[in-house]
Amino acid sequence: MSILSVKDLRVRYSAAGPEVLKGISFEVDEDDFFAIIGPSGAGKSTLIRCINRLIEPTSGQIELYRTDVLSLNARQLRQLRRGMGMIFQEFNLVNRMSVMDNVLSGRLGYVGNLTGLFRLFSKEDIARALSVLHRVGLSDHVDKRADDLSGGQRQRVGIARALMQDPKLLLLDEPTSSLDPKISREVMALIMEIAGEYKVPVLCNIHDVQLAMEFCNKIIGLQDGVKMFDGPTSKMNAKKLDEIYAMEVL
C-alpha cells in the first residue's frame, strides 16, 4: 500500500533560475526503505526536504497518507510534521543540552510551549525516552552533553529523537556522510532494524551507493534533477549506475 505519493514535483529556487527538480514522481509503500542516490547537485537533499516542506516546491503534488501536503496551512503543516521524523547529516542536536533533553525535544510538537521551555515532560514521555535510548544503545549516556559524544553516538541520539515523534515516515538526509565506514554501516543497520520494529517507512538521501544497495529495498536515481531510475534494488546494475553518475565531476 502506498503511503507517500509524489507526482510531477518541480522546484526552482528563483523565478528566473534553473529547475532543480524536473517533474519527479514516485511512490513509497508502507514497508519500504527507499534510497535516493545520485551525484552531487542532483537534487537529492532538495527532494527529501520538499516532503515536509522545508523547501517549498514550485509545482507538483505530495500526498502522505492521503493528505495533500502542499495544500496545508501553517498550523496543519506543523501537525503533519509531528509525524515525520527527520535524521540529519550534521545531527542537528543542541550541543549544550543533555542526551535526554535532546531526545525529549522530539515531543515538542505534541506539548505546549511552556512544557517545552521548562522541560516539564510527562512521566510517560520520560519513560519512552529512556526506552528508545536503550534501544539505540545509549542508556549509559543519558546525562551527558551532546557535544561529549562521538559522531556515531550523536547520530544515535538523532535516531532516538526521531522515534520520540512516533513517526509515520522517517526522512533521512545524508545520515552517514559525517561517519566513518564502519560506523556508517552500524547506523544504517540500526535504522533498518528500527524501521522494521516500529513499522515505519523510510526515505533516505544517501551518497554511499554501496550502503544503499545493502540496506534499501528500492532506489531512486537522480541526475541533474531528472529521475533516471525508480525500482527495486535488485534491478540496479553497473550500467544503470554509470548512467546515473555520468555527470559526476571527480
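Tutor: Start with β7, where five of the five residues are buried, so the strand is largely enclosed by the rest of the structure. Buried means under 20% relative accessible area, exposed means over 50%, and partly exposed lies in between, with a 1.4 Å probe and protein chains only. The model is predicted, so local features need pLDDT of at least 70 and side-chain atom pairs count only at pLDDT 80 or more, while totals for chains, interfaces and linings use all residues. Residues are numbered from 1 along each chain as its sequence is written, and side-chain values use heavy atoms, with hydrogens and water left out.

Look at the side chains of β7. Leu169, Leu171 and Asp173 point one way. Leu170 and Leu172 point the other way, and all are buried. In a regular strand the side chains alternate between the two faces of the sheet.

Now the partners. Strand β7 covers residues 169-173 and pairs with β6 in the parallel sense over four bridges. Two strands pair if DSSP finds at least two bridges between them. Strands (E, at least two residues) and helices (H or I, at least four) are DSSP runs, numbered from the N terminus. Met84 stands opposite Leu169 in β7, and Met86 stands opposite Leu171. To β8, strand β7 is joined by four bridges, and these two strands also run parallel. There, Asp173 stands opposite Asn205.

Axes are lines fitted to C-alpha atoms, for helices over the stretch in contact, and angles run from 0 to 180 degrees between N-to-C directions.

Helices cover this sheet. Contact means heavy atoms within 4.5 Å.

The largest nonpolar core has 49 residues, and Ile37, Val103 and Ile159 touch the most other members. A nonpolar core is a set of buried Ala, Val, Leu, Ile, Met, Phe, Trp, Tyr and Cys residues joined through side-chain atoms within 4.5 Å. Beyond its neighbours within four places in sequence, Ile159 contacts Ile87, Val136, Val187, Leu190, Ile191 and Ile194. A second, separate core has 32 residues, including Phe34, Ile48, Leu77 and Phe88. In soluble globular proteins, nonpolar side chains tend to be buried together.

Follow the chain out of β7. Thr176 lies in the loop between β7 and α7 (181-198). At 2% relative accessibility, Thr176 counts as buried. Neighbours within four places aside, Thr176 is in contact with Ser184, Met188, Ile206, His207 and Leu211.

Next comes α7 itself. Helix α5 (residues 123-135) packs against α7 at an angle of about 135°, with the axes 12 Å apart. That makes α5 oblique to α7. Angles under 35 degrees count as roughly parallel, over 145 as roughly antiparallel, 65 to 115 as roughly perpendicular and the rest as oblique. From α5, Arg128, Val132 and Arg135 meet Leu190, Glu193, Ile194, Glu197 and Tyr198 in α7. By class, this contact has four nonpolar, no polar and four charged residues. Here Ala, Val, Leu, Ile, Met, Phe, Trp, Tyr, Cys and Pro count as nonpolar, Asp, Glu, Lys and Arg as charged, and the others, Gly among them, as polar.

Finish at the other end of the sheet. Strands β9 and β10 pair in the antiparallel sense over six bridges. Leu222 stands opposite Lys227 in β10. The two strands form a hairpin with two residues between them, and Asp224 in the turn has a positive phi of about 50°.
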